[in-house]
Amino acid sequence: MKLRVLAIGPKMPAWVDEAVVEYTKRMPRDLPIEFVPLPLGARGKNADIDRAIAREGDAMLAALRPNERVVALDLSGKAWSTPDLARQLTQWRLDSQDVSLLIGGPDGLDPRCLARADQRWCLSNLTLPHPLVRVLLAEQLYRAWTITQHHPYHK
């Protein structure tokens with residue numbers, strides 16, 4: 001099983017890349033995490049935000065693989081604790097299905113991406129900056145994996 005994080009946005013600062021690498025290298029070989037950066041739609045003074053979101057959606061949908069489970073990070077999703085995420089991770093592994101986690105741009109995910117999602121996860125009710133979302137997601141995936149290792153039948 002593989003985990004892919006499809007993330008809309010510009011190049012991240014070095015501290016983000018370093019933190020993400022640190023957590024992804026801690027993952028076992030049979031559960032790698034790959035971060036896939038996708039282009040941010042044009043924003044600016046007179047930008048058409050709907051068009052920008054649609055372009056981001058086009059890129060994200062094109063990056064998805066046909067048989068992947070898709071999990072959209074979205075405020076409308078269900079909040080998972082770290083043990084909840086560990087249970088999800090265990091189920092995904094039992095299903096032997098690769099998983100793509102979707103991080104939208106500053107205006108959220110294209111509705112087509114939300115429609116394609118098999119699950120919606122609310123990472124936090126707080127408004128988080130995109131760099132922090134990537135680090136938090138990598139850390140929580142690692143932490144969830146460690147829970148499954150220490151408590152394979154966690155409750």
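**A chat about the model**

Modeller: Let me start at Ser96, which is found in the loop between H3 and S4. Helices (H or I, at least four residues) and strands (E, at least two) are DSSP runs, numbered from the N terminus.

Colleague: Before we go on, what sort of model is this, and what is left out of the side-chain values?
Modeller: This is a predicted model, where local features need pLDDT of at least 70, side-chain atom pairs count only at pLDDT 80 or more, and totals for chains, interfaces and linings use all residues. Residues are numbered from 1 along each chain as its sequence is written, and side-chain values use heavy atoms, with hydrogens and water left out.

Colleague: Thanks. Back to Ser96: buried or exposed?
Modeller: Ser96 counts as exposed because its relative accessibility is 62%. Buried means under 20% relative accessible area, exposed over 50%, and partly exposed in between (1.4 Å probe, protein chains only).

Colleague: And what is its phi?
Modeller: Ser96 has a positive phi of about 50°, although it is not a glycine.

Colleague: How many bridges join the pairs?
Modeller: S1 and S4 run parallel and are joined by five bridges.

Colleague: Why is S1 described as largely enclosed?
Modeller: Six of the six residues of S1 are buried, so the rest of the structure largely encloses that strand. In a regular strand the side chains alternate between the two faces of the sheet. For S1, both faces are covered: Leu3, Val5 and Ala7 lie on one side and Arg4, Leu6 and Ile8 on the other, all buried.

Colleague: What about S4?
Modeller: Five of the five residues of S4 are buried, so S4 is largely enclosed by the rest of the structure too. Val99, Leu101 and Ile103 point one way, Ser100 and Leu102 the other way, and all are buried.

Colleague: Which residues touch the most other members of the largest nonpolar core?
Modeller: In that core of 30 residues, they are Leu3, Trp92, Leu101, Trp121 and Leu137. A nonpolar core here is a set of buried Ala, Val, Leu, Ile, Met, Phe, Trp, Tyr and Cys residues joined through side-chain atoms within 4.5 Å. The elements giving two or more residues to this core are strand S1 (3-8), helix H1 (14-26), strand S3 (69-79), helix H3 (82-95), strand S4 (99-103) and helix H5 (130-150). H5 gives the most, with eight residues. A second, separate core has 14 residues, including Val36, Ala72, Cys113 and Leu114.

Colleague: What does Leu101 contact, leaving aside its sequence neighbours?
Modeller: Beyond neighbours within four places in sequence, the contacts of Leu101 include Leu3, Val5, Val71, Trp121 and Leu137. Contact means heavy atoms within 4.5 Å.

Colleague: Last one: how do H3 and H5 pack?
Modeller: Their axes are 8 Å apart, and the packing angle is about 75°. That makes H3 roughly perpendicular to H5. Axes are lines fitted to C-alpha atoms, for helices over the stretch in contact, and angles run from 0 to 180 degrees between N-to-C directions. Angles under 35 degrees count as roughly parallel, over 145 as roughly antiparallel, 65 to 115 as roughly perpendicular and the rest as oblique. Among the residues making the contact are Leu85 and Leu89 of H3 and Leu141 and Ala144 of H5.

Key: Two strands pair if DSSP finds at least two bridges between them.
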